[in-house]
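Here are a few friendly notes to read beside the model. Take them one at a time, and find each place in the structure as you go.

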Amino acid sequence: MTTLYGIPNCDTVKRARTWLDEHGVAYRFHDFKKDGVPEAELDRWLESPGWEALVNRRGTTWRRLDDATRAAVVDAPSARAVLLANPSLIKRPVVQWNSGRSVTTGFDAAQWKSHVV
């Protein structure tokens, strides 16, 4: 089953959930705020799609970090520590598609169509 990871009040996550529902994709929702960030999954995501894709540098959480913390995010281990401490910093949604091998970040309807075959 596809798993969608995110925060329920995030507008992008809401659009993603609507898209999945409209396309008949069965999925499980994992709430970062309520259920936490699954560390084993995070470690896999840091490998693929990679730490750069996971860190949302456009959001308010990133802007609220102090300069030293932002400057210290330079690789997967440093990103891991900051993402675990600040789940809202993870680019949402993270989707682990049905196959379990493919993981995407963010919502891109065109890209998602290739996963719904």
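1. A pocket here is an open set of points on a 1 Å grid over the protein atoms alone, where a 1.4 Å probe fits, with protein on both sides within 12 Å along at least five of seven lines. Its volume is the space filled by probe spheres set on the points, which are joined across faces, edges and corners. The largest pocket holds about 160 Å³.

2. This is a predicted model, in which local features need pLDDT of at least 70 and side-chain atom pairs pLDDT 80 or more, while totals for chains, interfaces and linings use all residues. Residues are numbered from 1 along each chain, and side-chain values use heavy atoms, without hydrogens or water.

3. Which residues line the largest pocket? They are E52, A53, V55, N56, R57, R58, G59, K91 and T105, each with an atom within 4 Å of a point. By class, two are nonpolar, three polar and four charged; Gly counts as polar.

4. Most peptide bonds are trans. The bond from S48 to P49 is cis, with omega near 20°, and P49 lies in helix α3, residues 39-54. Another cis bond runs from R92 to P93, with omega near -10°. P93 sits in the loop between α6 (76-85) and β3 (94-96). Helices (H or I, at least four residues) and strands (E, at least two) are DSSP runs.

5. Helices α3 and α6 pack at about 115°, their axes 10 Å apart; axes are lines fitted to C-alpha atoms over the stretch in contact, and angles run from 0 to 180 degrees between N-to-C directions. The contact has eight nonpolar, no polar and three charged residues.
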